[in-house]
Amino acid sequence: TFQVINALSATVSPGEAQRLATNPAVAEVVKDEAIPLVSSTSLTAPASLSPASGDTDTNAAGAAPLAGACPPAGQVQLDPQAIETIHAASQSGKGATAQALGYTGAGVKVAFIADGLNIHDPDFIRADGQKVFVDYQDFSGTGRKAATDGAEAFLDASSIAAQGRQTYDISTYGSGLTQPCDIRILGVAPGASLVGLNVFGSADEAFNSVILEAINYAVTVDHVNVLNESFGSNPFPDQSSLDLTRMADDAAVAAGVTVTVSSG
């Protein structure tokens with residue numbers, strides 16, 4: 001059962017589903033749809049964007065980085081630089097950025113819905129030894145310690161609250177680079193507390209009921225301030241008469257939660 005919206009999920013026979021649909025106490029019976037983590041559609045670059053004759057694939061084994069893509073030897077580049085674009089922080093750590101002015105997200109609890117990750121990664125441990133993650137739950141059924149791709153979860157968690165204290169040599173992560181390329185990753189709000197909600201596990205899709213479980217938990221148990229949803233299949237404009245995720249998001253907003261969603 002869910003508290004954020006007046007609903008429940010259940011496995012029933014087709015006959016029972018029809019019977020429930022005629023019950024005047026039931027607003028509607030909705031099929032539990034699978035929501036993709038990412039699009040499974042294979043994308044092909046248009047011919048105009050194909051490499052010109054003689055160009056080399058910069059991702060190929062033994063490739064040299066593009067000019068300026070890596071810092072000079074012995075230096076560490078702040079990455080992603082998007083935090084500079086939105087003035088959250090700067091490479092030098094100086095200037096009128098949000099973090100320099102003291103806006104670090106401290107006191108704010110942020111949950112994200114994605115796949116799984118290792119919450120004990122050093123970049124999720126603060127300088128004083130405190131953990132960035134205050135809760136981590138698995139709704140996928142694969143278990144909290146099950147191996148998952150983690151690409152979306154690490155991206156979300158790092159973008160939000162990575163501490164920027166670790167150095168990573170990109171050339172050691174299968175990038176094909178032939179020279180060291182050291183970076184550190186700093187989130188836009190390193191002072192924020194994180195709640196990880198794993199709904200995808202090792203799969204690339206999750207049922208709507210599982211996503212509703214995660215939203216319900218974030219709002220009613222952890223009482224988060226912000227909820228980030230990283231999954232696709234978001235039609236625009238949304239003309240569905242009963243979009244369960246939208247209903248749950250609206251209820252979360254009514255409860256005082258800021259909900260951010262991907263564009264699909």
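**Exercise 1: the disulfide**

A search of the whole structure finds one disulfide, meaning a pair of cysteine sulfur atoms within 2.5 Å. This is a predicted model, where local features need pLDDT of at least 70 and side-chain atom pairs count only at pLDDT 80 or more, while totals for chains, interfaces and linings use all residues. Residues are numbered from 1 along each chain as its sequence is written, and side-chain values use heavy atoms, leaving out hydrogens and water.

Task: find which residues the disulfide joins, and its handedness.

Solution: 
- Step 1. Cys-70 is joined to Cys-181, S to S 1.8 Å.
- Step 2. The torsion about the S-S bond of Cys-70 and Cys-181 is about -100 degrees, so this disulfide is left-handed.
- Step 3. Cys-70 and Cys-181 are both buried (under 20% relative accessible area; exposed is over 50%, partly exposed in between, with a 1.4 Å probe and protein chains only).

**Exercise 2: the salt bridge**

Task: locate the one salt bridge of the structure (a side-chain nitrogen of Lys or Arg within 4 Å of a carboxyl oxygen of Asp or Glu).

Solution: 
- Step 1. Arg-19 and Glu-16 meet through their side chains, 2.9 Å from N to O.
- Step 2. Both Arg-19 and Glu-16 belong to helix H1 (residues 14-21), three residues apart, about one turn of the helix. Helices (H or I, at least four residues) and strands (E, at least two) are DSSP runs, numbered from the N terminus.
- Step 3. Arg-19 is partly exposed because its relative accessibility is 48%; Glu-16, at 25%, is partly exposed as well.
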